[in-house]
Amino acid sequence: MESLSLCKPNLEEFAQTLLALASQNKDILVVTGDSRGSGKLVPFGKTLPAQIVEIGIAEQNLVGISAGLASAGKKVFTVAPACFLTSRSLEQIKNDVAYSDNPVKLIGISAGVSYGALGSTHHSIHDYAVLRAIHNIDIVSPADNFETRKVIEAAVDHPRPIYIRMGKKPMYDLHTPDTRFEVGKAIVLSEGSDVTFLATGEPLSRAVMAAHLLEQEGLSVGVISMHSLCPFDEAAILRAAQHTKVMVSVEEHSVHGGLGSLIASLLMQNGFCPRLKIIGIPDEYTVTGSQKEIFCHYGIIPEGLAETARQTLNAKEN
Amino acid sequence: MDYHELAYKSIQYRRTILRIIKQANAGHTGGSLSCIDILNVLYNHVLNVTPSSFDDPNRDRYIQSKGHSVEALYTVLADRGFFPQEDLENLGRFQSHLIGHPTRKVRGIEQNTGALGHGLSLAVGTALAAKIDSKTYRVYTLLGDGELTEGSNWEAAMAASHYKLDNLIVIVDRNTLQITGRTEDVMSLEPLEDKFRAFGFAIQHVGGHDLPALVKVFEQIPFKPGKPNLVLAHTVKGKGVSFIEDKAHWHHHVPTDEEYRTAQAELDQAERKWQAKHGIVEPL
Ligand SMILES: [Mg+2]
């Protein structure tokens, strides 16, 4: 496998894609809560000042106003740090967006533990869990610039509310430009009979690298991008479960209520009982440090993921 | 519509509110009777929206933030033909769309409300869309006074004046009661006018059961170009039935059989009084 090439942060890809789309469609609005800088939207604001609405630091109002704008036909991209967007304004997401069916596109920026040493107030490792329990909102975590571009393009006319979350760091390119992307459909990067990594969002690149390490040891390893947690591509997981010995889920989220929980529940209810490891942030006061250090501590790095897979594989054989 | 016709409707609306709450054995009696005259004037005189224009992007919008007073809204929407009158009988029934808070599954309803402190932000967003698109529709939202303690209202109030939304009309149903008791005992709201003025609103006071005054106040919109409008409607919770008026426990009390008969008898009397003045009319 050739080495991966490093590209832009997904946030930058998001901002550039949205600027290009909004230049052609005056109904596209960015609505933001004092986050145009961290959302990489300063060029958007300068180029299309009439298409950016500033709300200030008031997340409840941010989401409520977004719902009102969307109900009047605007294509609303609501941009705020994921940590505040999905907790401070959760009731507005539940009622004004999802329940009232106002198709707002909620963009959670600097998601997961992107804010690193700023600490738990700024981490969002609960967002999949809470949003999965709310009806009528789709959830997508793009892994690379390609998935980011594709989901933002798809979001413009997406008929339902959608939550898209992104981190701050430059991402590796994981897909070829001709890859098929659809909200709710997993992307199978490779198939393997020993181990399959199922990752959502930006940790996918670590899973790809872990697979590379294991392949060098002669193992057969698959990697699947589960960019959409809702709709959830159950068929892709059930297919993989039929031909792989070990499954490892990887997410920048609590191990409770996210990708791993969804996979475990799906497999059990369909009669599969594979060796499954759920890798994410455990239920504890999250270790302090940079995003990289946090990932390293919890084994969300290529070597850590490879070791988890190895141990799980060997555990059964002993 | 003449004032006396509006007055006749208010009597009939009160009858319907009590009837459907009694039948469903649940509902917000006090608040619905408090805001019904406002809804009467809005839907019969002010709002540029009809069942056939409900999908028109240029229609006026009404968003009821105090969603619990939904029996008043259903009553008026049914009377205006947004859905058949007989649907009112389904209030609260299994699998009925007519639940205890507004839902868009009922034609005529703009937003699903019920959690307090949401309507104003929704209304601000909708009014802002009109400004962005140079449309002329107006957005009306009805807030309870009890819900003004929700901080989200003040976030929204700030945004309304920041964006100079003179196409936004905020009506506060100021009946001075909430479920626990007097608003001023639960958490002081006064000086309420000063608060809204400081947030940049142009304000008019009105008697919330004075139909000619309500008509007149809405005719003056915008009160001041470039400023969001606040109609501070002074109301009586439970208005129209003597023993329900101004009593906190009638917030969601359902009349007993005896109370129901007495209440309808009071409304009979109000109707006879009206007829003595204006003559018999066909029932609505
Ligand atoms: Mg009240």
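This is a predicted model: local features need pLDDT of at least 70, side-chain atom pairs count only at pLDDT 80 or more; totals for chains, interfaces and linings use all residues.
Chain A contains 12 helices and 14 strands. Its radius of gyration is 19 Å, close to the 20 Å that the globule rule gives for 318 residues, so chain A is as compact as a globular protein of that length. The C-alpha trace spans about 65 × 40 × 40 Å along its principal axes. Of the 318 residues in chain A, 59% are buried. Among contacts in chain A with a separation of 6 or more, 77% link residues 24 or more positions apart.

Chain A carries 27 positive and 34 negative charges.

Two domains are assigned in chain A. Domain 1 covers residues 6-172, and domain 2 covers residues 187-317. The contact between them takes 32 residues from domain 1 of chain A and 29 residues from domain 2 of chain A. Their C-alpha centres lie 26 Å apart.

Within chain A, A:S261 belongs to helix 10, which runs over residues 259-269. The relative accessibility of A:S261 is 26%, so this residue counts as partly exposed. Leaving aside residues up to four places away in sequence, A:S261 touches A:V255, A:H256 and A:I278. A:I278 is 17 residues from A:S261 along the chain, yet their C-alpha atoms are separated by 7.7 Å.

Two serines adopt a positive phi without being glycine. A:S110 has a phi of about 50°. This residue sits in the loop between strand 5 (105-109) and helix 6 (127-132) of chain A. A:S110 is buried, with a relative accessible area of 1%. In chain B, B:S134 also has a positive phi of about 50°. The loop that holds B:S134 lies between helix 4 (119-132) and strand 2 (139-144) of chain B. B:S134 is exposed, at a relative accessible area of 64%.

Chain B also has cis peptide bonds. One joins B:E190 and B:P191, with omega at about 0°. B:P191 is placed in the loop between helix 6 (183-186) and helix 7 (192-198) of chain B. Another cis bond runs from B:I221 to B:P222, and its omega is near -5°. B:P222 falls in the loop between helix 8 (211-219) and strand 7 (229-234) of chain B.

Notes: Residues are numbered from 1 along each chain as its sequence is written. Chains are lettered from A and ligands numbered from 1 in the order in which they are written. Side-chain values use heavy atoms; hydrogens and water are left out. Helices (H or I, at least four residues) and strands (E, at least two) are DSSP runs, numbered from the N terminus. The radius of gyration is taken over C-alpha atoms; the globule rule is 2.2 Å times the number of residues to the power 0.38. Buried means under 20% relative accessible area, exposed over 50%, partly exposed in between (1.4 Å probe, protein chains only). Contact means heavy atoms within 4.5 Å. Lys and Arg count as positive and Asp and Glu as negative; His and the chain ends are not counted. The place of a charge is taken as NZ of Lys, CZ of Arg, CG of Asp or CD of Glu. Domain bounds come from an automatic or database domain assignment.
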